[in-house]
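Please look over the structure below with these numbered points beside you. They begin with a pair of helices and then turn to the chain as a whole.

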Amino acid sequence: MQVRFGWTLDGAPWAPRIAAEGARADLTLGPRGLIELLQVRLGLAHPPVAPSVRVAQYRSAMQVADHHWFRESFAVDPWNTAAHVLALRDAAIEAGWDGSRPQDPSVLPRLDALAAIETQIQVGPDGAEGTTLVPGAADDLRDVLSHLTDLSASAAAWPLGIDVIRVQEPGAELPGLFPEVFAQLTALGVEVVDAEVETEGNGPTGAVTGTVPRLRIIEAPEEFSAAEACARVLADVAEASDGEGPSAAAVLVGAPTILLDHELGRRGLPTLGAADASRSRLTGQLLPLFLSIIRPQLDVYDLAAFLDFTITCTDEDGALMRVGILPAPVRRALLGALEKEPGVQPAAAAGAAGASAPAAGDDAADADDMTAWDRAIAGLEPTHAQIARDLTALLQPDEEAYGGGGTVNTDLLTARLTWLNDRLTALGRSDGAREAAQQIRGHIDLFTRLLDDTTSDPTGGRRPIMERELADIVAASAPSTRSSLTTRTASAWTVLTDPAHLDPAPGTHLIWWSGIDDTRPTPTIWDPAEAAELTRAGARITPVEQVAALQVAGRLTALRAYEQITVVIPKRRAGEAIAIHPLLSHLALDIAAHDRELHGRDVDKVLTHPNIRTTAADQARALLDTGRATLPELQIPTPPTTLDRTLPGGGEHLLPRRLSFTQIDTLLSDNLTWVLKYGYGIRRGHIAEVPAGSRMIGSFIHAVVETLVKRGSVGPQQVPTEDTITAVFDELAPRFASPLTLPGARAERESVRRSTVDALSTLFGTLAEQDIAIRGVEEPFHVPLDLTITRPDGTVDHRTADLTGSIDLSARDRRGDSVVIDLKWTRAVRYYRDLVTTSRALQLATYLYALSREEGRSSADGYGTAGYFLLEPGEFISDDPRIGDLPAGPDTHPELFAKMRATLDFELSRIAAGDIGSDAADLAIATGRIGDSSSRTRKEHADAVGLRDAAAAEDGRLFHDHRFDFNDFTLITGLTGDFT
């Protein structure tokens, strides 16, 4: 066997087409590869283990050694301290350190600490008796050298099976123990051939005696343009190969190729499929989510993400499908519960998890005091309900598992992982999700092992672990996977990621995708005193500069062998300016030494010379001029001038049988959004629907009001005390606003509590003073709403829809008239005052209409009075002088509702005719209001709304303006987007 060895060749193709000067090479190996080969030949190979296992084992040894040098750091951050010190230990072993203590420990505390830890270590294969640290690369190197030395000393014949090793670099200059390794191999009969190195020249590898590559640099403003430019180069090379395929090119990948692969795919060329590995991809996310939801302080948004965790895969027919960690009915039911009540109240959840939890069909399942979570479980079939109850039990606070001082009981923690493993077993039954399930299970298995190695004590028990270290272990045990957004397809291109691995055939053209500076400086590990002590202890410390020179030399030698090199670079990547790769500076020196026109110029002037550097635009122009490319028709996206659409065949099938005020509010201004959301059922994902911020707090305070009224704390001339309001607030917060109960939300929780107590004291106090008696809170209504649909041919269809909803607070005054109060958690006082004074309080008019229909009263009798109560400032907004101070608007509530119904008939008639659009959006486009909130634009828009409303009033309708800041469909409809 003949081996080609280079210091930078680890990871290179094993059997290159051409070796140095045509010499045959069966294997191409770097330092790690050569040691692994010798391990096999010497019978020293052992199963590999994850690097994190060695960190956990070394951490245990450090805890026993308890050296003063690392004691304080170890107490605060044991995992990362262990990882750092283990790296120092491996560097010393790789250099040849024998593990002895320094002569003066007080002067060299680092080496003394390493020696102290080493006394606690027994290096051996994983699982072997007495092993406390599995070997790493440095241990393997030391072990191989020891066996080679023993064989050489004993003069025993051992069939290594290696005839020749051709070393790219001078063997004596190799770092650490490798010169000794090659010396022992020579003694055992292996021919070791050093590279011939010339001592004069301009680069790390000596003088350039032959031709230098023709260098061409194509610069693009950003990665998108760079990808297109690189794809054009590869397409040009493929076309120039005269039908023989793209075999005359090698591709050096300097960055992920997702964008480049997209451009190659458009041109029918093979994709490269290079992507960075990451521990934060899908399969590494489930375990952290699970551990976050079993903490005592439950984050409801983490719980929603866990419930919604799915893996996209393909079924037997190749169709895409989503497989979840929970069955779909369980997932939908529990996510739906969180949308209603963003929290799992401990007491209610404990009841759901216990034997007395209501089952589907039980009368108790309809009890008013059941939480939304309980009701969701009660509505599931028995098998699914049991899965949900088991999960609910895991969500209960466990003070034994999470003790004080930020520590975790690992025995109780790993016991809870049994449920997750069972769910992964079910997930793995799906063929498409089996691979992902195996990766997640591997994450859990490695995590469990690291916990064992980290927390085991000599008595056989386990020590508690700090939560910070637990998070480090979760991250260290995560599988490292590559993006699934790109894959490599078969091609004759040689695709590599390291310049040192290039092995050019004669005439090969190298295309370097993203030749940017990705080098990292090699740190100096040992100070002079430590280096001297290590040398005394048998180590060979190689200067950092020498190691860097070897790396540059190997890469530069490979690049110089090409006849032509085309480098494509973006000026900016991820928003930051980038620099070109330093190897190009060495090539520039070569060019300056051989090119008459560039002779004597410095590196920057060579690399920016027009003969070498061009732009992506100039490259495209050159291809157009030579006829090798055609310019596609220019398509510039433009913002729409209207959102009007025509639905062929009309939309009578979309007309509603049931309407809520929320639907009506949308229909009056934007029937396009209504069609998308309610007609076609397009909605946001479950996680986005879990209430947050003001929406969550508003629902929470509604629940506080409802509870106070139903428990009898509010009545005629009866106002709840501040203590009563506070008690109900604290009781309901875990159920309706669990984010407010998290430790970091204390300030917000106190602020909301204070505002709630003040506001509700004002609300109930004012009603009591005015002798307005509350008769219901969150009272549902269900009344008929007569609609008139006018078809394009003039025919009229009279139909009835159900108007449904619930009224926040309904009351009666001493005369028996209805009073409606709508509660809002907001500080937008001016906005709601304008609604009342301009007769645009559509919600209040709708609720009063519903009450009047339920009571059998006509519009002539009047609907009663109404108003808003803003909970944040604690202020009534109403034209009823008993609770507000505003003048009455131009329209009464019955008159306003009549206009609303006329407008509703008009919009539904449009939908029936297939006329879909949004008058409010069209007006906002016309006035420039979309994306422009300047005072001038707002005024122009308000004036235009007034004119439209006056015109609509002549037909008995109204023009309902709409803010599109919080509309979920603006990208779908084209109202907003990137039109550059």
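1. In this predicted model, helix 16 (residues 410-427) and helix 17 (residues 434-455) have axes that come within 10 Å and cross at roughly 165°, and the two helices are therefore roughly antiparallel to each other (angles over 145 degrees count as such). Axes here are lines fitted to C-alpha atoms, for helices over the stretch in contact, and angles run from 0 to 180 degrees between N-to-C directions. Helices (H or I, at least four residues) and strands (E, at least two) are DSSP runs, numbered from the N terminus.

2. The crossing of helix 16 and helix 17 is left-handed, a term used if the near helix is turned anticlockwise from the far one by less than a right angle. On the side of helix 16 the contact (heavy atoms within 4.5 Å) includes T410, L413, L417 and L424, while helix 17 contributes, among them, A437, I440, I444 and L451. By class, this contact has 10 nonpolar, 6 polar and 1 charged residues; Ala, Val, Leu, Ile, Met, Phe, Trp, Tyr, Cys and Pro count as nonpolar, Asp, Glu, Lys and Arg as charged, and the others, Gly among them, as polar.

3. Helix 2 (residues 51-65) and helix 4 (residues 78-95) pack at an angle of about 100°, with their axes 9 Å apart, and are therefore roughly perpendicular to each other (65 to 115 degrees). Residues of helix 2 that take part include V55, Y58 and M62, and those of helix 4 include W79, V85 and L86. The residues of this contact divide into 10 nonpolar, 2 polar and 4 charged.

4. Helix 24 (residues 661-669) is mostly covered, with 7 of its 9 residues buried, where buried means under 20% relative accessible area with a 1.4 Å probe, protein chains only. The buried residues are F661, Q663, I664, T666, L667, L668 and S669.

5. For the protein chain as a whole, there are 35 helices and 26 strands, and 49% of its 980 residues count as buried. The C-alpha trace spans about 115 × 80 × 55 Å along its principal axes, and residues 24 or more positions apart account for 74% of the contacts with a separation of 6 or more.

6. On conventions, residues are numbered from 1 along each chain as its sequence is written, and side-chain values use heavy atoms, with hydrogens and water left out. Local features need pLDDT of at least 70 and side-chain atom pairs count only at pLDDT 80 or more, whereas totals for chains, interfaces and linings use all residues.

Conventions: Angles under 35 degrees count as roughly parallel, over 145 as roughly antiparallel, 65 to 115 as roughly perpendicular and the rest as oblique. Buried means under 20% relative accessible area, exposed over 50%, partly exposed in between (1.4 Å probe, protein chains only).
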